[in-house]
Amino acid sequence: MSISSIKTKLSVNTLWGAALALILGIAFFLRTYFPYDNVFAGDWVRFKWFDSWYHIRLVENLIQHFPQRISFDPYTFYPNGQHVFFAPFYDLLLGFLAWVFGAGSPSKGMIETLGAYFPAILGALVTIPVFFIGKELFSKKVGIVAAALVMILPGQLLLRSLLGFTDHHVAEALFSSLTMLFLIVAVKSSKEKGISFGSLLTRDWGTLRKPLAYSLLTGIALGVYLLSWVGGSLLVFIIFAFAFVQYTLDHLRGRSTDYLCIVGVPAFLIALLMVIPFLGQFGYGKLQVASLLIGMLAFPALSALSLVLTRRNVRPAYYPLALAVLAGIGLAALYIIAPSVLNAILDQLNWLNPRGASLTISEMQPLTLSMAWDEFTTGFYLALISIVAVAYLVIREGAADKTLLLIWSVVMLVATLGENRFAYYFAVNVSLLTAYLSLKTAALVGTKVVPATYKEGDVDRNKNLQTGKDKARSSRKAKRRKARTQRTGLGMLVTKYPVAKYVYGTIALVVIFFLVFYPNIGKAIDVASQVSEPTQDWRDSLVWMRENTPDPFDDPDFYYELYESPPDGKGYDYPESAYGVMSWWDYGHWITYIAHRIPNTNPHQVGARDAARFFTAQGESSANQMLDELGSKYVIIDYLMARYTLTRDGYLVGNFGAMIEWADKDQSEFFEIYYQRTEKGKLKPLFLYYPEYYRSMASRLYIFGGAEVVPNNSTWVISYTEKPGKRVTKYKEISDQRKFATYEEAKAYLELQDSSNYRIVGNNPFVSPVPLGELEHYKLIYQSPTTVATQGEETISEVEIFEYMP
């Protein structure tokens with residue numbers, strides 16, 4: 001290669017590097033600039049969502065005992081305490097950086113500031129593996145478009161990588177992408193080098209060096225990924241499924257399968273060695289080890305099967321059948337030897353069909369079309385088309401790298417359809433698939449954008465698959481295609497009029513921008529700018545609690561200790577001074593980190609059913625019994641916990657509906673939507689509350705402050721008829737409504753009716769239609785500054801704290 005060509009190549013690579021650096025910078029800017037004022041709220045850092053607060057709790061404690069992180073925490077889920085099952089790597093990496101920048105003793109402010117920026121840094125870095133995956137699979141142009149798109153997709157990936165969203169999800173996206181990048185390069189280079197078991201026997205390190213090096217990197221990246229998320233066996237399954245498909249494709253085409261085993265076994269072995277030290281901690285157990293062992297053993301088993309069938313001249317078509325038999329034998333053996341492991345593996349499929357109370361958790365709800373638009377805009381539909389195109393490539397050519405992309409994309413699509421939270425994984429696939437389809441389409445219509453199936457400077461299609469005669473044949477075909485393109489249509493026009501190439505290129509860029517990028521820009525800014533919780537009122541309330549209630553351990557410094565785990569099956573041995581704080585599960589980590597108090601439930605949903613039963617309880621005695629059993633001393637309640645109503649846009653808002661689900665009750669016990677005819681004959685929805693809503697502890701504490709309530713001209717009785725509906729099986733239409741001066745009059749009227757289609761209802765959550773007795777064992781001790789409603793001379797604040805006095 002001449003010096004001038006080297007300089008040209010370096011200058012071109014510099015341009016690609018500069019473009020990637022620009023994308024990286026914009027990605028970081030988007031994730032930090034717009035949410036900055038919301039996160040750095042005066043004298044405190046407002047971390048986003050709920051789990052972020054617990055990660056900061058773990059890192060703050062980690063710094064005191066670096067590099068040891070607590071494996072059990074008595075500051076949550078009273079009266080049991082809870083094993084920490086957050087994977088360790090994310091906290092260890094953040095803690096290490098804080099420890100280094102703080103010279104071994106970082107301040108709380110430094111930990112929180114670095115913690116706030118940490119997800120934005122990782123989120124921006126995701127663009128790098130996305131670029132290189134696109135480059136290795138298709139071309140640098142595809143890589144750069146994919147990196148730019150993943151930078152700005154407005155869904156879960158952006159949300160979870162914003163400033164202040166200090167949760168491990170963005171690490172999952174980064175390290176899973178790195179794993180796939182290294183595996184793609186490993187299988188590509190192994191095919192290019194033509195490695196085989198003979199290469200190992202002859203110690204041909206020149207041939208083996210690159211494939212084994214990238215296999216090593218795959219194993220390290222996979223190990224780091226598994227140590228970032230306990231549920232990371234999902235990625236192991238993807239690689240496992242890829243192996244099954246690729247072994248089948250190669251065997252059917254008469255190709256050697258040695259390279260898959262040579263690359264796969266070291267990767268799984270390295271990941272296994274990285275996970276083993278954490279067994280029995282942080283949720284790591286049989287599932288993680290079994291999945292890696294099965295994956296590691298599967299590669300040689302599939303290679304051996306291919307070799308045996310080939311040497312015995314068995315028809316290639318029998319290989320898939322033999323694979324199915326082998327898989328069946330393996331499952332039967334696992335069922336006999338370790339049924340608990342098989343059950344754990346099958347349990348991982350529950351995310352395909354979330355149900356019951358889990359559907360009240362927004363991230364666990366199945367993906368709808370409206371969600372898909374919010375997550376990916378046009379990219380979702382373009383990616384679906386692109387999956388079909390990639391599947392065609394796989395069927396036609398059997399390239400291992402394209403097979404991996406296909407399996408990876410399909411599994412992540414299915415996972416995202418099952419639970420929308422997996423959209424932060426699928427965003428990477430959407431970016432790659434959309435970039436490929438966009439540039440490939442542009443090439444097909446004659447814009448002279450370099451086709452996505454070509455690498456710059458190559459005339460060979462799918463060069464990684466070509467050797468010897470195949471490579472020469474492919475080269476001749478490619479040249480003939482290029483000649484045909486230049487002789488016909490737009491290709492001839494570009495050849496005769498070179499300036500046209502720039503015109504077509506510009507048009508292609510404009511179309512790609514408005515189709516692929518433009519729909520995401522405004523949405524991405526909106527997501528980055530959204531206001532997050534906790535509010536200032538919540539923070540003030542919890543600071544007040546920390547400063548004005550007794551310390552549960554009589555020693556504030558105990559919060560920073562390294563705790564011993566209790567024996568298996570037993571809860572923590574709390575001192576007599578300890579107590580729990582009852583609230584909804586969403587707020588548990590806030591209570592732990594800000595107030596340094598012990599919630600009865602937390603965002604891991606442990607204790608959620610107990611909390612739900614307390615807040616929906618219909619009598620003080622049953623509610624008191626629950627708090628006595630849970631050792632609760634305080635109750636914190638806010639506006640959303642007692643609220644459930646229909647907005648003008650038709651959305652139900654508030655947490656009380658979720659409490660009903662978690663309490664295994666039916667919402668129709670507490671409220672329903674009725675319809676009433678307007679003067680124009682149209683049906684108008686009305687959200688009406690039943691007496692059970694007003695009698696619930698959530699309503700009696702928050703809305704009525706535990707005081708006695710005597711209805712005064714506020715009791716309604718409605719009659720209704722059930723009618724068949726178009727969108728629902730039946731709906732209830734109000735036929736008559738009457739207001740009574742007293743509850744007794746309404747009750748007497750109701751008893752005179754022969755039909756059961758009469759109900760006592762309220763139309764205002766703050767005005768009870770039924771009498772309520774005074775709560776004798778609850779005292780309001782704190783109200784946050786913001787007033788949300790008034791009850792006569794009394795005010796209702798956004799957050800209120802009650803002391804329970806048995």
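A crossing of two helices is termed left-handed if the near helix is turned anticlockwise from the far one by less than a right angle, and right-handed if clockwise. By this criterion the crossing of H9 and H11 is left-handed, where helices (H or I, at least four residues) and strands (E, at least two) are DSSP runs numbered from the N terminus. The structure is a predicted model, in which local features need pLDDT of at least 70 and side-chain atom pairs count only at pLDDT 80 or more, whereas totals for chains, interfaces and linings use all residues. Residues are numbered from 1 along each chain as its sequence is written, and side-chain values use heavy atoms, with hydrogens and water left out.

The axes of H9 and helix H11 (residues 205-226) come within 8 Å and cross at roughly 160°, the axes being lines fitted to C-alpha atoms, for helices over the stretch in contact, and the angles running from 0 to 180 degrees between N-to-C directions. H9 and H11 are therefore roughly antiparallel to each other, given that angles under 35 degrees count as roughly parallel, over 145 as roughly antiparallel, 65 to 115 as roughly perpendicular and the rest as oblique. Residues of H9 that meet H11 include Phe175, Leu178, Phe182 and Val185, and among their counterparts in H11 are Pro211, Tyr214, Leu217 and Tyr225; contact here means heavy atoms within 4.5 Å. By class, the contact of H9 with H11 has 13 nonpolar, seven polar and three charged residues, where Ala, Val, Leu, Ile, Met, Phe, Trp, Tyr, Cys and Pro count as nonpolar, Asp, Glu, Lys and Arg as charged, and the others, Gly among them, as polar.

Helix H9 (residues 169-193) also packs with helix H19 (residues 400-418), at an angle of about 150° and with the axes 8 Å apart. That angle makes H9 roughly antiparallel to H19. On the H9 side, Met180, Leu183, Ile184, Val187 and Lys188 take part, and they meet Ala400, Asp401, Leu404 and Trp408 in H19. The contact of H9 with H19 comprises seven nonpolar, no polar and two charged residues.

The largest nonpolar core has 228 residues, of which Trp584, Phe614 and Tyr778 touch the most other members; such a core is a set of buried Ala, Val, Leu, Ile, Met, Phe, Trp, Tyr and Cys residues joined through side-chain atoms within 4.5 Å, and buried means under 20% relative accessible area, exposed over 50% and partly exposed in between (1.4 Å probe, protein chains only). Leaving aside neighbours within four places in sequence, Tyr778 is in contact with residues including Phe614, Leu627, Met697 and Phe802. Apart from this core lies another, of seven residues, among them Tyr690, Tyr720, Ile734 and Val761.

Helix H6 (residues 127-137) is mostly covered, with nine of its eleven residues buried, including Phe131, Lys135 and Glu136. Thr378, placed in helix H18 (residues 378-397), counts as buried at 14% relative accessibility.

Two cis peptide bonds may be described in the backbone: one joins Phe66 and Pro67, with omega about 5°, and another runs from Tyr78 to Pro79, with omega near 10°. Pro67 lies in the loop between helix H3 (51-64) and strand S3 (72-73), while Pro79 lies in the loop between S3 and strand S4 (82-83). A positive phi of about 55° is found at Asn313, although this residue is not a glycine, and His596, likewise not a glycine, has a positive phi of about 55°. Asn313 counts as exposed at 69% relative accessibility, whereas His596 is buried, with a relative accessible area of 11%.
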